[in-house]
Amino acid sequence: MIEITTLSELTIDGKLSLGPKASSKDLFDFYGDDLRAWFHAQRALNDAIMVGSGTVVSDDPELTVRHAPGPNPLRVIPSSRAKLPLDAKLLNDGVPTLVAVSRMAEHADVAALAAKPNVDVLTCGERSVDLVALMDILEGRGVKTMIVEGGSRLLHSLHQVGLVNRIIIKHIPVITGSMQAPSYMHPYEPGDAFDLTRWRLVECFSKSGVAVTIYEPMTVRA
Ligand SMILES: NC(=O)c1ccc[n+]([C@@H]2O[C@H](COP(=O)([O-])OP(=O)(O)OC[C@H]3O[C@@H](n4cnc5c(N)ncnc54)[C@H](OP(=O)(O)O)[C@@H]3O)[C@@H](O)[C@H]2O)c1
């Protein structure tokens, strides 16, 4: 099993960004270089890094290791319909990216992604990307550890299938006041639900005024 760590920035009011259309990168303004270096070092510790297609659209992230020494993890993006913006940074910077699509993706969209240098496309799932099957395939390709940096729908789906081994939260000391800003988790499909899970605090520290908490499961679900 791939060991999966989620790493998120969460405001006091439990939001992942300052507003419904805002990039979570705005939250970077509320902390300093010491925390930035620490979280880039967390990326470098992992074989792969994943965000959902929604985050690629809203944030246009690079998902590379820039503020700490270490290698770039393989970038993995679940995008059921292969409708990623073709000018997204992570499709054009020459660093390897794997896009996982479902059988709903149209051939032309898959071909446009696959035509990009260093972009690999993998079909995995019928209507949406089957995350369990995707992890099996990645494990077969040598991925042992993965860091997942959101957003809400991807986090919800990963928790729903019990794939998360560690949760890291950077507690950004702001209140957004935005009811519409995305919360930590949001169902991908209506009715997606799961039972209560309990987590144990294993580490807690602060850097540049931001508390960082790290949790591991109290029990591991089968
Ligand atoms: N604060 C933070 O740490 C942080 C980090 C990242 C993002 N964010 C914020 O989170 C928001 C984006 O969240 P989001 O929920 O819209 O997007 P997301 O979770 O990044 O991506 C969700 C999308 O991934 C695709 N997907 C494919 N297979 C999936 C599966 N099995 N389960 C779930 N998703 C699957 C779906 O799109 P298709 O149907 O098109 O495939 C789905 O809509 C933005 O506001 C961003 O700024 C915050």
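1. Start at Met50. Met50 touches Val76, Ile77, Met146 and Val148, leaving out residues up to four places away in sequence. Contact here means that two C-beta atoms, placed from the backbone, lie within 7 Å. Met50 is also among the residues with the most contacts inside the largest nonpolar core, which has 46 residues. A nonpolar core is a set of buried Ala, Val, Leu, Ile, Met, Phe, Trp, Tyr and Cys residues joined through C-beta atoms within 7 Å. Buried means 20 or more other C-beta atoms within 10 Å of a residue's own, exposed means 12 or fewer, and partly exposed is in between, with C-beta atoms placed from the backbone.

2. A word on the model. This is a predicted model, in which local features need pLDDT of at least 70 and side-chain atom pairs count only at pLDDT 80 or more, while totals for chains, interfaces and linings use all residues. Residues are numbered from 1 along each chain as its sequence is written.

3. Strand β3 next. Helices (H or I, at least four residues) and strands (E, at least two) are DSSP runs, numbered from the N terminus. In β3, 5 of the 5 residues are buried, so the strand is largely enclosed by the rest of the structure. Leu74, Val76 and Pro78 are buried on one side, and Arg75 and Ile77 are buried on the other. In a regular strand, side chains alternate between the two faces of the sheet.

4. The partners of β3. Two strands pair if DSSP finds at least two bridges between them. Strand β2 (residues 48-50) pairs with β3 in the parallel sense over 3 bridges. Ile49 stands opposite Arg75 in this pairing. β3 also pairs with β4, again parallel, over 4 bridges. There, Val76 has Leu98 of β4 as its bridge partner. β2, α2 and β3 form a right-handed β-α-β unit. A crossover is right-handed if, with the strands pointing away from the viewer, the path from the first strand over the helix to the second runs clockwise.

5. On to β5. Strands β4 (residues 97-101) and β5 (residues 119-123) run parallel and are joined by 5 bridges. Leu98 has Asp120 as its bridge partner in β5. The chain goes from β4 through helix α3 (residues 107-114) to β5, and this β-α-β crossover is right-handed.

6. Strand β7 has two partners to check. β1 and β7 (residues 166-172) pair in the parallel sense over 7 bridges. Ser8 has Ile169 as its bridge partner in β7. β7 and strand β9 (residues 210-217) run antiparallel, joined by 5 bridges. Lys170 stands opposite Val212 in β9.

7. The ligand shell. Of the 32 residues around the ligand, Gly52, Gly54, Gly150, Gly151 and Ser157 come nearest. A residue counts as near if its C-beta atom, placed from the backbone, lies within 6 Å of the molecule. β1 (3-11), α2 (53-59) and α5 (152-160) each supply at least two residues of the shell. α2 gives the most, with 5 residues. By class, the shell has 9 nonpolar, 17 polar and 6 charged residues. Ala, Val, Leu, Ile, Met, Phe, Trp, Tyr, Cys and Pro count as nonpolar, Asp, Glu, Lys and Arg as charged, and the others, Gly among them, as polar.

8. Gly150 and Gly151 are joined by a cis peptide bond, with omega about 0°. Gly151 is found in the loop between β6 (145-148) and α5. Asp60 has phi near 45°, a positive value in a residue other than glycine. Asp60 lies in the loop between α2 and β3 (74-78). Asp60 is partly exposed, with 14 other C-beta atoms within 10 Å. Ala82, also not a glycine, has a positive phi near 60°. Ala82 lies in the loop between β3 and β4. Ala82 counts as buried, with 24 C-beta neighbours inside 10 Å.

9. Two exposed loop residues. Gly94 is found in the loop between β3 and β4. Gly94 counts as exposed, with 9 C-beta neighbours inside 10 Å. Gly94 is in contact with Pro117 and Asn118, leaving aside neighbours within four places in sequence. Glu126 lies in the loop between β5 and α4 (131-140). Glu126 counts as exposed, with 11 C-beta neighbours inside 10 Å. Glu126 touches Ser102 and Arg103, not counting residues up to four places away in sequence.
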